[in-house]
Amino acid sequence: MDSGLYNEEKRYFSTGKLVDYKRNENNLILEYSRTKIALEFIKKGIVRVLKEKDEKLDFSSTYAVLDGNLDYNHYQILDKKEKLIVRTENLDIKISKDSFSLAFYEKNGELIHKDAKEAIKWNKDEIWAKKITNDKENFYGLGEKTGFLNKKGKKYTMWNTDVFEAHIESTDPLYISIPFYLATDRDKSYGIYFDNSYKSFFDFRVNENGEYSFGAQGGKLDYYFIKGTKVKDVIRKYTKITGRMNLPPKWSLGYHQSRYSYGSTEEVKELANKFRENDIPCDVIHLDIHYMDDYRVFTWDENNFPKPEKLMNDLKEDGFKVVNIIDPGVKKDPDYEVYKEGMKNDHFCRYLDGELFTGDVWPEESVFPDFTSKKVRKWWAGLHKDLLDSGVKGIWNDMNEPAVFNDTYTMDLEVMHENDGDPYLHKRFHNQYALLEAMGTYQGIKKYKEERPFVLSRAGFSGIQRYAATWTGDNRSIWDHLKLAVPMLMNMGISGLSFSGTDIGGFTGDSNGELLTRWTQLGTFMPFFRNHSSLYTKSQEPWAFAEKYEKIIKKFIELRYKFMPHIYNLFYKTSQKGIPVMRPLFMEFPDEQKAYEISYQFMVGDSILAAPVYEPKKDKKLIYLPEGNWVNYFSDKNYEGKQYIVEDTPLATMPLYIKNGSILVMGEKINYIGEKERNYLEIVNYLDENIPKNSYTLYEDDGISYNYQEGKYNLKKFSYKKSKEKIEFDINYKENNYKTDYNKYLIRLKNINFKPDKITFKGNKVKDWEYKLKENELTLKIKAEEGNIVIM
Ligand code: MIG
């Protein structure tokens, strides 16, 4: 079988010599003797490299790429003997005349990245880009991939695939394809986004000449070089090209409970009651495929769910939101409305000769909407009306690789997609199928609810972050899969998919109390926080095992809600800049060599470090703490950074550290988002001897509507400043157009090192304060207003 990897033995064409070139507004056309190549200048520091196909330069993109980014034309061309040099404001690009090859330099002459000598190769089936790396450079990203954080030395395939259970280091590909990688060698970073949705390959097995490559079995060579001195800058620019997540409804950041499947009204109600009775916070319940009438999408099973509207209403009163699963396959049943309507309007995928494509999925023989067509997406959006009207709040898109129960596990590659008049075979659209479905789903929710949509998708392509959260599919209830989740989710975050999670407790197989407890601890700091398990497995709701486990699980779910103001704030930042919530250590500590290889610890934002336990009966763990001073959140024990420490890891706690010198905002314990008015917002200052001042800007809004787009939000800046004699704490409202539910600030200063004599707020004496000598902590309460606190 052809592995699809670049193979020197095969016959390929290469470009030949430069014959001519032409400068246009935003692009430079390079005419080599055997092909044309365009460099398109997208934005400052983003250059698109595009090779012609079938003797034409086709500037069209996949659905991943946002329109409207093209705005750069500040460049000059110098024609030298052996090279053309393109100078932009922040890049010098040297183009070799002998055979096409690029080298990107900083303005100071430092090399950022260069191509192999013959940089582009192709034959009738494949195209390849060949690149050069160095010993120090590592690779990250590529979305949903198993294995260690650093992808150097491995090869990967992009082909959306339903992989049941078997997720190990060598399992590849999986459900989601993100043809984007980040390369960094500590001093400099760049990204490459390969905008090709055919089956594609990234081969980071660097050869003796320092070469690596990527390519695809079809389509164009079309990639974006993204310059970024800092890693965050590369991600910011990548998500400029393919988009960022929108602000999610706040409830979707709470705890989700799911199972394949909660099968009746009674079962769902019992579940909901149990959460409230046991006083365990939960916002969301998921309904898997058994809520439907014989797996017909957009229907309800009338026996088990006779009155969905009533059920939704009852759940709503208890603060629950319901997310229903929808698969793309539509049952081929002449009496079924969705099938009839789709057939009448020709919405389903067909072969070139007009024959309907059918394949077996849950409803048995099924047909598949052609989401490449705008009118089909609109129809699909419309189909959600009844579900949403009945009170369903979010949609879960499963099986959208698309998965089909046949030999290839997917749609026949010869099936056609209409693509609004630019039709082509499934092999071109396969990896985009879920992205297009999610577009339709998102549109539907947006249309029928005056609220921010929540969509969860199993498959995806670059850009899926604009419409959906993602999860990593069918893992198992084994320790290895808890561990695997950590680097996988970090790489997803690097690849624009900030809102991701894994099935907590594991999907297939039986979970157990200890495993579920440890997994929930990780989940507390995972962007998407859902417990889900498969048919025929042991129940794994928080109370499913012994009480000692339930207690700890409850404590951690509560902790998620305690951290909610901060987590929501981090999501706000993702929506603004694309920077993920869950981050690899090197993103915050780029100067530390060690940080680039740490696969099983992560940062939540820039100030919290989590090192989840992923082994049974573990009572001690070796942890690396980067530069700075750190405090264990649970034990209050302080540690100096830039060293390994051995930490105690009793089941009741997880290694969680706050970087001293930072500020965190926290909420009160609630059972679900919006349950009740809060009394206060807690602002904790983790003071550090070496850090005399710092600040934290908090974003707040109603968490559900679009009013923030009309300015109805707050940006509150909290800062402290320390000197020998006093500490000042300043509250400054940059924006203040949303009325919050609390009216007090509870301010805590840890490591304060003196007992204050006098505290004032806006010049008036503060009475409500307490200093705890043993904890070395000051707590004070003031009215939630702007102003300056002086502590002397
Ligand atoms: O072939 O809808 O990954 O989360 O519970 C199984 C049933 C189909 C796969 C999803 C899983 C879901 C299950 N689905």
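Reply: **Cavities, a pocket and packed side chains**

Five cavities of 30 Å³ or more are counted. On a 1 Å grid over the protein atoms alone, a cavity is a set of points where a 1.4 Å probe fits but cannot get out; grid points are joined across faces, edges and corners, and a volume is the space filled by probe spheres set on the points. The model is predicted, so local features need pLDDT of at least 70 and side-chain atom pairs pLDDT 80 or more, while totals for chains, interfaces and linings use all residues. Residues are numbered from 1 along each chain as its sequence is written, and side-chain values use heavy atoms, leaving out hydrogens and water.

The largest cavity holds about 150 Å³ of space. It is lined by 17 residues, those with an atom within 4 Å of a point; N246, P248, Y442, P453 and Y467 are the closest to its centre. By class, 13 of the lining residues are nonpolar, two polar and two charged. Here Ala, Val, Leu, Ile, Met, Phe, Trp, Tyr, Cys and Pro count as nonpolar, Asp, Glu, Lys and Arg as charged, and the others, Gly among them, as polar.

A pocket, by contrast, is an open set with protein on both sides within 12 Å along at least five of seven lines. The second largest pocket has a volume of about 680 Å³. Its lining comprises 33 residues, with K250, I673, G674, E675 and D702 nearest the centre. By class, 14 are nonpolar, five polar and 14 charged.

Turning to a single side chain, Q601 is in the loop between α13 (585–588) and β35 (602–604); helices (H or I, at least four residues) and strands (E, at least two) are DSSP runs, numbered from the N terminus. Q601 has a relative accessible area of 7% and is therefore buried, a term for values under 20% (1.4 Å probe, protein chains only). Its side chain reaches the backbone oxygen of Y624 at 2.8 Å. Beyond neighbours within four places in sequence, the contacts of Q601 (heavy atoms within 4.5 Å) include V486, L609 and I623.

Aromatic pairs number 68, counting rings of Phe, Tyr and Trp (its six-membered ring) whose centres lie within 6.5 Å. F104 and F225 are stacked (planes under 30 degrees apart), at 3.7 Å centre to centre and 10 degrees between the planes. Because F104 belongs to β9 (residues 102–105) and F225 to β19 (residues 222–228), this pair ties together parts 121 residues apart in sequence. Both F104 and F225 are buried.

Definitions and conventions: Buried < 20%, exposed > 50% of the residue type's maximum accessible area, 1.4 Å probe, protein only. Polar contact = N/O pair within 3.5 Å; in protein donor to acceptor, adjacent residues only side chain to side chain. Phe/Tyr/Trp six-rings, centres within 6.5 Å; stacked < 30°, edge-to-face > 60°.
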